[in-house]
Amino acid sequence: MHRITTAPVAPIPARTRWAVAAGTGAALAAAWWLGDTAPYPYAQRGLLDVPLPFLTADRMDAVLQPRPGERMLEIGPGTGLQSLHVAPQLGPEGRLDVLDIQQEMLDHVMCRAKRDGLATVRPARSDARELPYDDETFDAVYAVTALGEVPEPDRVLREAARVLAPGGRLVIGEFFDRHWISFGRLHRLADAAGLHLTERRGPSPAYLARFRPCRADAPGQQSERLAPSDRDTDDGQA
């Protein structure tokens, strides 16, 4: 009988293991980055219910300031993470319109709203660059991690300004991904759309910012307020 022998296998150096792990991580990150399409695919909807750092419900409430009886518009509600939080705060006399280009997302939101007994949520399938609403309809408009997924975000901001009632407010939330809009860029686009900044919370990679139509304030009364931890000289870099 012949004895089968094998040569001992040399252990893989730690440096090599780290290199392989880093390469694998980079490949996965690249696949995620390149595969992140707009609008966000319904098949990946599970990730939309994961709360994001700095874009917490408490911060959203502080910046959006929802009040009973108001009518609001959410652009790009996804699966309804924000919708189901905001709608109850508007009370039975209020109303939350949700607008998305994907019918599947709207159906998902409405299913969850019905489950929670929220009869004040109204869906609309449309392009955010051409909002199907009259001028000065809403007390507030908001979009969380959605503006960057719409081509020509400048048009979205102009439309938001158009449908806001005098003294109304626009809240934009952004989190760093392939479609992220830096705070610096958003600020410039908002200025061009006739909107001025009144509050911002969070660093540029994960922030909430509130704007108002410039017509809502007398000349010279426009102001900008940042949370103490957010006072930086953001030039749009992460």
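This is a predicted model: local features need pLDDT of at least 70, side-chain atom pairs count only at pLDDT 80 or more; totals for chains, interfaces and linings use all residues.
Axes here are lines fitted to C-alpha atoms, for helices over the stretch in contact, and the angle between two of them runs from 0 to 180 degrees between N-to-C directions.

## How α5 and α6 meet

Helices α5 and α6 pack with their axes 9 Å apart, at an angle of about 50 degrees. That angle makes α5 oblique to α6. The crossing of the two helices is right-handed. On the α5 side, the residues that meet α6 are Pro 153, Asp 154 and Leu 157. Their partners in α6 are Arg 185, Leu 186, Leu 189 and Ala 190. By residue type, this contact divides into five nonpolar, two charged and no polar residues.

Which residues of α5 are buried? They are Pro 153, Val 156, Leu 157, Glu 159, Ala 160, Ala 161 and Val 163. The cover over these buried residues includes strands β1 (71-75), β4 (138-144), β5 and β6, together with helix α6.

Helix α6 spans residues 183-192, and its buried residues are Phe 183, Gly 184, Leu 186, His 187, Leu 189 and Ala 190. Here the cover includes α5 (153-163) as well as the strands β5 (164-175), β6 (195-201) and β7 (206-213). Just after α6 you will find Gly 194, which takes a positive phi of about 80 degrees.

## The overall layout

Stepping back, the protein has six helices and seven strands. Reading from the N terminus, the elements run α-α-β-α-β-α-β-β-α-β-α-β-β. Of the 238 residues in the protein, 44% are buried. Among contacts with a separation of 6 or more, 75% are between residues 24 or more positions apart.

## Buried residues in the strands

Asp 97 sits in strand β2 (residues 95-100). Is Asp 97 buried or exposed? Asp 97 counts as buried because its relative accessibility is 2%, and the cut-off for buried is under 20%. The side chain of Asp 97 makes a polar contact with the side chain of Arg 71, at 3.0 Å. Beyond its neighbours within four places in sequence, Asp 97 is in contact with Arg 71, Met 72, Leu 73, Glu 74, Arg 122, Tyr 133 and Phe 138.

His 196 belongs to strand β6. With a relative accessible area of 4%, His 196 is buried. The C-alpha atoms of His 196 and Arg 169 are separated by 9.8 Å, while the two residues are 27 residues apart along the chain.

Arg 210, in strand β7, is buried, with a relative accessible area of 6%. What does Arg 210 contact, leaving aside its neighbours within four places in sequence? One group of partners is Ala 62, Val 63 and Gln 65; another is Arg 169, Leu 170 and Val 171; and the list also includes His 196, Leu 197, Thr 198 and Glu 199.

Cys 111 lies in helix α4 (residues 103-115) and is exposed, with a relative accessible area of 54%. The phi of Gln 65 is near 55 degrees, a positive value in a residue other than glycine. Gln 65 is partly exposed, with a relative accessible area of 26%.

Glu 136 sits in the loop between β3 (121-125) and β4. Although Glu 136 is not a glycine, it has a positive phi of about 55 degrees. Glu 136 is partly exposed, with a relative accessible area of 43%.

The table gathers the accessibility of the residues visited above.

| Residue | Relative accessible area | State |
|---|---|---|
| Asp 97 | 2% | buried |
| His 196 | 4% | buried |
| Arg 210 | 6% | buried |
| Gln 65 | 26% | partly exposed |
| Glu 136 | 43% | partly exposed |
| Cys 111 | 54% | exposed |

Conventions:
Residues are numbered from 1 along each chain as its sequence is written. Side-chain values use heavy atoms; hydrogens and water are left out. Buried means under 20% relative accessible area, exposed over 50%, partly exposed in between (1.4 Å probe, protein chains only). Helices (H or I, at least four residues) and strands (E, at least two) are DSSP runs, numbered from the N terminus. Contact means heavy atoms within 4.5 Å. Angles under 35 degrees count as roughly parallel, over 145 as roughly antiparallel, 65 to 115 as roughly perpendicular and the rest as oblique. A crossing is left-handed if the near helix is turned anticlockwise from the far one by less than a right angle, and right-handed if clockwise. Ala, Val, Leu, Ile, Met, Phe, Trp, Tyr, Cys and Pro count as nonpolar, Asp, Glu, Lys and Arg as charged, and the others, Gly among them, as polar. A polar contact is a pair of N or O atoms within 3.5 Å; within protein, one must be able to donate a hydrogen and the other to accept it, and residues adjacent in sequence count only if both atoms are side-chain atoms.
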